[in-house]
Amino acid sequence: MDKCILVVDDDKMNLRRTSLILEKSYDVILAESGYEALNKLKEGNVDLILLDISMPGMSGIETFERMKERKMEIPVIFLTASGHEDDVMTAIRMGAANYLKKPFMPKSLLERVEKELEKK
C-alpha cells in the first residue's frame, strides 16, 4: 500500500468505521483531534486527509486554517454530520477538495478518496 490517509474525528466509532473501510486499500493513520492531526502531519507521508468539521477544542476548519498557514498542501475531504451549508461552503472556499455528509456509504467514501488520489 503506497497511499496514506489521515482520518481525523473526535468520535472513536467514526474513526474505527472509516478505518475499516479504507484499510483494505490504503495505509490509515488515525487522529482524535485537530491538535493530534497537526502533530501527525509533521511526520509526513500523508497523501489525503479526511477531516471532521465539528470537533471540540480545534474544529476541522481551524485545523485546515493551520495547515494552510504552515503551507501544508495535502488534499482534504471534510466529513460533516451537521450538513450546515455555511460550514461546507467555508471549507470549499478555503480550498477543500471535497466533503462527505455522515453517515456515508462505504462506496461513496471510497469513490471520493480514489478521485482525489488520482489527481496526485
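**Inside the fold**

Modeller: Start with overall size: a compact globule of 120 residues would have a radius of gyration near 14 Å, and the protein comes out at 13 Å, which agrees. (That radius is taken over C-alpha atoms, and the globule rule is 2.2 Å times the number of residues to the power 0.38.) Bear in mind that this is a predicted model, where local features need pLDDT of at least 70, side-chain atom pairs count only at pLDDT 80 or more, and totals for chains, interfaces and linings use all residues. Residues are numbered from 1 along each chain as its sequence is written, and side-chain values use heavy atoms, with hydrogens and water left out.

The C-alpha atoms fill a box of roughly 30 × 30 × 30 Å along the principal axes. There are five helices and five strands, running β-α-β-α-β-α-β-α-β-α from the N terminus. Those are DSSP runs numbered from the N terminus: helices are H or I with at least four residues, strands are E with at least two.

Now the interior. Buried residues make up 43% of the 120; buried means under 20% relative accessible area, exposed over 50%, and partly exposed in between, with a 1.4 Å probe and protein chains only. The largest nonpolar core has 22 residues, and Leu6, Val8, Leu41, Ile49, Leu51, Met67 and Phe78 have the most contacts inside it. By nonpolar core I mean buried Ala, Val, Leu, Ile, Met, Phe, Trp, Tyr and Cys residues joined through side-chain atoms within 4.5 Å. At least two residues of this core come from each of β1 (4–8), α2 (34–42), β3 (48–52), α3 (60–69) and β4 (76–80).

Setting aside neighbours within four places in sequence, Leu6 is in contact (heavy atoms within 4.5 Å) with Ile29, Leu30, Ala31, Ala37, Lys40, Leu41, Val46, Leu48, Ile49 and Leu50. Leu50 also belongs to a second, separate core of 15 residues, which includes Ile21, Ile77 and Leu109 too. In soluble globular proteins, nonpolar side chains tend to be buried together.

Ile21 sits in helix α1 (residues 12–22) and counts as buried because its relative accessibility is 12%. Neighbours within four places aside, Ile21 is in contact with Phe104, Pro106, Leu109 and Leu110. Pro106 is 85 residues away in sequence, yet the two C-alpha atoms are 6.2 Å apart. Across the protein, 58% of the contacts with a separation of 6 or more link residues 24 or more positions apart.

Over in strand β5 you'll find Asn98, which at 17% relative accessibility counts as buried. Asn98 touches Val76, Ile77, Phe78, Ile92 and Arg112, not counting residues up to four places away in sequence.

Pro103 lies in the loop between β5 (98–101) and α5 (106–119). The other one is Lys71, which has a positive phi of about 60 degrees although it is not a glycine. Lys71 lies in the loop between α3 and β4 and, at 66% relative accessibility, counts as exposed.
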